[in-house]
Amino acid sequence: MLRIHFTAQDLEYVRIARSPDPLWEIVCSVCRLQTDEGRLAFGPWRRAVAPLLRGGGGGGGREGGGERAGGGGVDRAVAVALRSLMPCGPYIPDFLTPAVDGGIADLRQGVDRVLSTPRSRLRREFTLLAESGARAFVGSGARTGARARLRPFAAERLARGDAEALRALGGLLTAYDAKFVAPYRSWIDEAVASDVAWRSRELAGGGTRALLETFRPMARWSPPVLEVTYPVDRDLHLAGRGLLLVPSYFCWRKPITLFDGDLLPVLVYPVEKPVQLPAASGAPLARLLGPTRAALLYEVAARGCATTSELAVSVGCSLPNTCQQLAILREAGLAACRKEGRCVLHRPTPLGRQLLETTGADSSNRLLTAPRPATVSP
């Protein structure tokens with residue numbers, strides 16, 4: 001549990017970044033390549049970049065810390081080098097995601113800030129990385145438990161502030177963004193813009209309290225503390241510095257923050273993810289359930305929790321027919337509901353999510369071919 005302690009001054013200085021931070025997106029997406037978590041949300045993206053990891057990017061020469069890229073491809077070498085610096089584990093160096101007061105820097109500005117990190121901080125953070133016993137999955141398709149140590153890219157030279165190693169790191173960050181993130185920027189930005197618009201409306205209508213309440217169930221506002229689901233037990237005292245909320249496409253399930261509590265406080269949180277809706281013709285799930293029930297199950301999972309009216313609008317169905325189809329999904333154990341005030345809220349069951357993820361793994365390699373994609377909850 002992460003407990004973020006607010007003062008009255010902090011509540012006046014809570015901000016929402018209008019766009020994703022390019023460096024946080026790099027870090028989070030590298031972590032998504034190390035596990036198979038979020039198959040429904042990230043499966044299409046993983047399949048799209050899989051040829052790059054197999055060497056589909058081609059190219060010869062050397063990349064990163066001297067690894068020959070001709071055999072595995074330049075793009076694979078870039079991803080492997082960054083994976084050693086960004087293990088999906090207890091610690092990732094803070095200098096890779098420098099906080100920017102007043103907003104989000106673009107990639108070039110962010111990389112410049114990374115390369116200007118003081119040597120003392122580099123030494124300290126690489127020591128923490130080594131002490132964390134960082135391990136990473138062998139690959140995105142690796143079996144659970146099949147892990148291997150990765151030698152951090154040019155760690156000793158970076159820790160000394162070696163100019164050549166820092167320039168190489170900047171090249172890795174830029175190259176990775178160009179191949180693994182930039183091609184999908186339009187729908188990443190669309191998902192983030194939708195999230196920011198929603199939370200901004202809540203902020204305008206109900207103030208900071210209403211904004212913080214939007215983060216349930218990831219976080220719970222218990223004044224003056226925001227209790228955030230987190231892998232370790234930790235307290236973060238804002239002490240008048242405020243909090244920058246940074247939406248992220250590649251962040252998954254739980255918000256994350258910087259390790260060093262003395263740095264400018266940020267909370268990076270996951271936004272809802274577009275997913276590929278099952279086509280009425282040919283999709284296994286649509287053939288199994290029927291196109292309307294398949295679309296409803298996708299939409300329920302996408303939203304995490306939705307009213308009957310919202311679902312009816314999203315799939316273009318009448319309200320009575322939507323009620324009937326949802327009842328069938330509940331009887332099959334694929335969806336559940338609860339009453340909240342005058343609304344009935346629907347959510348997927350574990351069996352429903354498992355069915356979606358299993359079916360999604362067999363879907364087309366094309367990314368988001370549906371004209372109006374649904375979303376999957378963070």
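Residues are numbered from 1 along each chain as its sequence is written, and side-chain values use heavy atoms, with hydrogens and water left out.

- The angle between α11 and α13 is about 75 degrees and their axes lie 10 Å apart, where axes are lines fitted to C-alpha atoms, for helices over the stretch in contact, and angles run from 0 to 180 degrees between N-to-C directions.
- Thr292, Arg293, Leu296, Leu297 and Val300 of α11 meet Thr322, Gln325, Leu326, Ile328 and Leu329 of α13, a contact being heavy atoms within 4.5 Å.
- Helix α11 (residues 291-303) also packs with helix α12 (residues 308-315), at an angle of about 125 degrees and with the axes 10 Å apart, which makes α11 oblique to α12.
- The crossing of α11 and α12 is right-handed, meaning that the near helix is turned clockwise from the far one by less than a right angle, with anticlockwise giving left-handed.
- On the α11 side this contact involves Ala295, Leu296, Glu299, Val300 and Arg303, and on the α12 side Glu310, Leu311, Ser314 and Val315.

**Helices α4 and α8**

- Helix α4 (residues 74-85) packs with α8 at an angle of about 120 degrees, their axes being 9 Å apart, and α4 is therefore oblique to α8.
- The α4 and α8 helices cross in a left-handed sense.
- From α4, Asp75, Val78, Ala79, Ala81, Leu82 and Leu85 meet Leu169, Leu172, Leu173, Ala175, Tyr176, Lys179 and Phe180 from α8.
- Ala163 belongs to helix α8 (residues 163-181) and counts as partly exposed because its relative accessibility is 44%, between buried (under 20% relative accessible area) and exposed (over 50%), with a 1.4 Å probe and protein chains only.
- Ala163 and Ser116, 47 residues apart in sequence, have their C-alpha atoms 9.8 Å apart in space.

**The three-stranded sheet**

- An open sheet has three strands in the order β13-β15-β14, with antiparallel pairing, where two strands pair if DSSP finds at least two bridges between them.
- Its edge strands, each pairing on one side only, are β13 (306-307) and β14 (335-340).
- Two bridges join β13 to the antiparallel strand β15 (residues 343-348), and Ala306 has His346 in β15 as its bridge partner.
- Helix α13 (residues 319-331) packs on this sheet, touching β14 and β15, and its direction makes about 120 degrees with that of β14.

**Whole chain and confidence**

- The chain has 14 helices and 16 strands, which are DSSP runs (H or I, at least four residues, for helices; E, at least two, for strands) numbered from the N terminus.
- Of the 378 residues, 50% are buried.
- The mean pLDDT is 81, and 81% of the residues reach 70 or more, pLDDT being the predictor's confidence in each residue, from 0 to 100.
- Among the elements, strand β3 (residues 62-63) has the lowest mean pLDDT (34) and strand β1 (residues 2-5) the highest (97).
- The pLDDT is below 50 over residues 57-72, a stretch with 33 contacts in the model beyond near neighbours in sequence.
- Residues 361-374 also have pLDDT below 50, with 29 contacts beyond near neighbours in sequence.
- Where pLDDT is low, the predicted coordinates should not be read in detail.

Methods: Predicted model: local features only at pLDDT ≥ 70, side-chain atom pairs only at ≥ 80, totals over all residues. Parallel < 35°, antiparallel > 145°, perpendicular 65-115°, else oblique.
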